[in-house]
Amino acid sequence: MLEIQNLVKTFDGERKKRRAGKEQSTNGDANARVFAVNNVSFDVKPGDLFTLLGPSGCGKSTTLRSIAGLEKPDAGVVSVGGKVLFAAGGDAQRKVNVPANKRGLGMVFQSYAIWPHMSVFENVAFPLRVRSRRQRPGKREITERVERVLETMELLQYADRHATKLSGGQQQRLALARAIVIEPPLLLLDEPLSNLDAKLRESLRFELKRLQRELGITSIYVTHDQIEALSLSSTIAVMRAGEVVQLGKPRDIYENPQNKFVAEFIGTSNFIDGTVKARNGDRYVVETHEGRLTLDAGIDVPPGTEVVVSIRPEAVLLTTERPGDSANVWEGNVTNRAFLGDAVDHVVSVGKLEIRARCLPHISHAPGTTVYMEMDPAKLALVPVD
């Protein structure tokens, strides 16, 4: 459905600044460029919800805007459904840049961008009415399509209401309705839930996933919220400094991060430095300052390599009695705990390390308690040292 090949977008760096009434170079290079997107490539299958995830400034929104036609990349190819929308530089055989209003894509912005002087119905009908004469549906078809979309979004009863009289969640659904009424081949969503409160954001997250699956619309979703990405996505591309650093299914990225940045950014992890002592197939033995760890990893790391072992808090099982012949059992002392409602977080001191363990709410060990940490080899990840 969507193919991105070697996309590059740069911006002028902060070339000069004024000091004492004079312009001075800040970086010694008047032609310095900043890579917002650096050689990004990925494919999106029909019906997928593909998420660009990363911190602010990583290039995810610039990538989305380049797909939409709101930014002009320096190089790369963007094609939707086999139709090239943009091509320049690199392997591009000819230059192409289809204007944003002729790409036929739907887009939902962070700020909703609804028309405040129009009713709910008029807001949704607007993109159909401004189409060229050849593509514009008749009045009856416009009414039918608008009402069908409003009913799907549970907004039909508000069709005559002023758009600004809706709640925040309703306005977000209105923006989504306006984007999908044109039946776009690709829907672009730029942090659409970030302006909502936590409770509403959670409920709309499930609603958005249900609608996307029912309608079968291929979607590109931009967010910095890890929980949103994990719960919504078919595929996640984690971005950092303009590059995709890991691409995969949500569970794969969470359980098998390919570098420390991904492990830190997606959820919470404990990191233990060590050296690969031995390897037998996918089974590794890692020597650390506090003891050996055995784990399974599907990567190629030779013995003697410095690595980081990533352990999710929920993968650490706490007991007050030493387990039998289980692998990866360390003894420690609880230094702190916090009740979270659906879980209890413990901080366990092991030598110079502090390991965070997340237990079921009925398991709570007071500070000062000696505990044994059992860590399943299948739930530990081996991360190369950056």
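A word on the ground rules. Residues are numbered from 1 along each chain as its sequence is written. In this predicted model local features need pLDDT of at least 70, side-chain atom pairs count only at pLDDT 80 or more, and totals for chains, interfaces and linings use all residues, while side-chain values use heavy atoms, with hydrogens and water left out.

By cavity I mean a set of points, on a 1 Å grid over the protein atoms alone, where a 1.4 Å probe fits but cannot get out; lining residues have an atom within 4 Å of a point. Points are joined across faces, edges and corners, and a volume is the space filled by probe spheres set on them.

The largest cavity has a volume of about 90 Å³. Its lining includes Met153, Arg173, Pro192 and Glu207. The elements giving two or more residues are α4 (168-180) and α5 (198-215), with α5 giving the most, 4 residues. Helices here are DSSP runs of H or I, at least four residues, and strands are runs of E, at least two, numbered from the N terminus. By class, we have 8 nonpolar, 1 polar and 2 charged residues, where Ala, Val, Leu, Ile, Met, Phe, Trp, Tyr, Cys and Pro count as nonpolar, Asp, Glu, Lys and Arg as charged, and the others, Gly among them, as polar.

Now the second largest cavity, at about 70 Å³. Among its lining residues are Leu49, Ile180, Gln212 and Ser219. At least two residues each come from α4, β10 (187-190) and α5, and α5 supplies the largest share, 4 residues. This lining has 9 nonpolar and 2 polar residues, and no charged ones. Thanks, all!

Note on methods:
On a 1 Å grid over the protein atoms alone, a cavity is a set of points where a 1.4 Å probe fits but cannot get out, and a pocket is an open set with protein on both sides within 12 Å along at least five of seven lines; lining residues have an atom within 4 Å of a point.
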